[in-house]
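Here are some notes to read alongside the structure, written for someone meeting this chain for the first time. Take them in order, and keep the 3D view open as you go.

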Amino acid sequence: MRCAWLLPLALAACAPTVAPVPAPAPSVADRAVRWHGQVSVLASDAMEGRAAGTPGHERAAAYVADEMQRLGLGPAGTQGYLQPIAFTEQRTDYAASSLSLSGAPVTLPATAIVSPRYELPASLDAPLVFIGYGLHMPSAGHDDLAGVDLAGKIAVFVSGGPAEVSGTLKAHARAQRNRWLAQRGAVGAISLTTPGQTESPWESAVRNATQPGMLFADSGIRDEPAFAALSWSPAEAERLFAGAPRTFAQVAADADASRPLRSFPMATRLSGRLAATSRAVASPNVVARLPGSDPALAGEHVVMTAHLDGLGVGNPVNGDRIYSGALDNAAGVAALIDIAAELRRQRPRRSILFVFVTAEERGLLGSRYFARRPTVARDSIVANLNYDMALPLFPLRSVTVLGAEESSIGDDARAVGETMGLPLAPDPFPNRNSFIRSDQYGFIEQGIPAVAFKFGFAAGTPEAELERAFRAVRYHAPSDDMSSPIFRDDEIRLHDFIAALAMRVANAPDRPRWNQGSPFGSAR
Ligand SMILES: [Zn+2]
């Protein structure tokens, strides 16, 4: 049945080997129907939200491996198409945890959510210190950690950052923030979101507070320190600032205007005990390879990624417990399948790896694992193109290419956009951390130039309102399902943009490189 749409075109295209003659291109309408059908399968209740380490995710992985085989792409995992990863899954045990702020009880998780992505210190008793945005960016002349005594303290920081620093550099500093704080002796951190930086309601975060985190079982590649990483309810934030030189309202107003924030010791102290439950789980990446057509370049790889995992089954909303993850990111998985079919026809010179990564929702772990333990020679990876929640909620008039300012891939993307009538739109929310919040970041950490894609829009437009409404209601909720209004043909146009960019990168004589002055150039 899966090949039925091809019957009028070429039955031979269903054979499991790469056909020597490219098949005729299917129509946009046919591709849109097929893509939508695949998103429906991956987001169906049978896949149970595809949480990493669950049978639903394994069913989805088997489905994607079948699709890769159907397209004639070879297996490139460590076990056929699969690259299994051993994890420790950890859940914060709120019933066995208790915290107090200068003696007053803190309601968990309604007031404070404890991240399950770090080994937790069993007990806490530490003074708080305010560190502004908590951003260590000496290359940009900004360092919130400079001169602050963090030893034995809990650092309190707010969202946002100075306007004059690039969004990608701020994002990098945010991604490394807890690690750098731990290196300076901090035992924990409290993250506060200002009114102007709020994307989704605090209630949504509380609802997902019992979602597990994951850590690599192999401590050799686990680099998270033991650390109490807390998010704090904005409605309760003033309690932290009792007796401090400034109030939360004052620092939040400065943060929302991107003004500088000075650090100061706070008068409050957090103490108590933290507990978590854990279990060992395995979950695979799915990896397929399209061999390059040029013998001189086929040994090099462009890696295309999309996360297959979702949030699984969680706390019910309106009676629904299955977090379907249709746009986040079943849509991206099906997009990569469509792009794989296109690239197979177009025969790029370098090889293309399609990696459907696991455990993105647990801390970008499948992609970080792949970037550190790739199934091809590490130096053969020239670039990563990532698709995560591009959000086809309105017509495609421009593309936001996250990371476009950092590497030569940005110039390639601009050139492709010009030929397609698709200008690049700047990131409308440079403070949102988008560049570090999906799987491209694992590759960036290894020094590999990478970008990710979104339907472009500008702040303050009707499109921005559609995007805002999606994040406020459906994002990371059961209603991210097939009832979202989806612009299918526009989605296929984005696939064509990404495929054309992949071709350009795969066919160029030189590998992509970081731009002069990009902070990521020296990451490896
Ligand atoms: Zn996602």
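1. Strands β2 and β11 (residues 213-216) run antiparallel and are joined by four bridges. Two strands are said to pair if DSSP finds at least two bridges between them. Helices (H or I, at least four residues) and strands (E, at least two) are DSSP runs, numbered from the N terminus.

2. Before going further, a word on what you are looking at. This is a predicted model, in which local features need pLDDT of at least 70 and side-chain atom pairs count only at pLDDT 80 or more, while totals for chains, interfaces and linings use all residues. Residue numbers start from 1 along each chain as its sequence is written.

3. Strand β2 has another partner as well. It runs antiparallel to strand β14 (residues 276-290), and 11 bridges join the two. Within this pairing, Thr 92 stands opposite Ala 276 in β14.

4. Now for the whole chain. The protein chain has 12 helices and 21 strands, and its C-alpha trace spans about 75 × 45 × 45 Å along the principal axes. A compact globule of 524 residues would have a radius of gyration near 24 Å, and the 23 Å of the protein chain agrees with that. The radius is taken over C-alpha atoms, and the globule rule is 2.2 Å times the number of residues to the power 0.38.

5. How much of the chain is buried? Buried residues come to 50% of the 524. A residue counts as buried if 20 or more other C-beta atoms lie within 10 Å of its own, as exposed if 12 or fewer do, and as partly exposed in between, with C-beta atoms placed from the backbone. Among contacts between residues at least 6 apart in sequence, 84% join residues at least 24 apart. Here a contact means that the C-beta atoms of two residues, placed from the backbone, lie within 7 Å.

6. The domain assignment gives domain 1 (42-89 + 279-507) and domain 2 (94-274); such bounds come from an automatic or database domain assignment. Taken over C-alpha atoms, the centres of the two domains are separated by 29 Å. Their contact takes 31 residues from domain 1 and 28 residues from domain 2. On the side of domain 1 that touches domain 2, the elements giving two or more residues are β2 (82-92), β16 (312-317), α8 (365-372) and α11 (462-474). The largest share of that side, four residues, comes from β2.

7. Which classes of residue make up that side of domain 1? It has 15 nonpolar, eight polar and eight charged residues. Ala, Val, Leu, Ile, Met, Phe, Trp, Tyr, Cys and Pro count as nonpolar, Asp, Glu, Lys and Arg as charged, and the others, Gly among them, as polar.

8. Look next for an open sheet of eight strands with mixed pairing, in the order β4-β3-β13-β6-β9-β10-β12-β5. Its edge strands are β4 (104-106) and β5 (112-114), each pairing on one side only. Inside the sheet, strand β6 (residues 123-130) pairs with β9 (residues 154-158) in the parallel sense over three bridges, and Val 129 stands opposite Ala 155 in β9. With strand β13 (residues 264-273), β6 pairs in the antiparallel sense over seven bridges; there the bridge partner of Asp 125 is Ser 271.

9. Pro 116 sits in the loop between β5 and β6. Pro 116 is buried, because 25 other C-beta atoms lie within 10 Å. Leaving aside neighbours within four places in sequence, Pro 116 is in contact with Gln 90, Arg 91, Thr 92, Pro 212, Gly 213 and Ala 276. The C-alpha atoms of Pro 116 and Pro 212 are separated by 6.2 Å, although the two are 96 residues apart along the chain.

10. Finally, find Val 64 in helix α2 (residues 55-70). Val 64 is buried, with 23 other C-beta atoms within 10 Å. Beyond its neighbours within four places in sequence, Val 64 is in contact with Val 286, Leu 308, Val 333 and Phe 356. Val 64 and Leu 124 are 60 residues apart in sequence and 44 Å apart in space, C-alpha to C-alpha.
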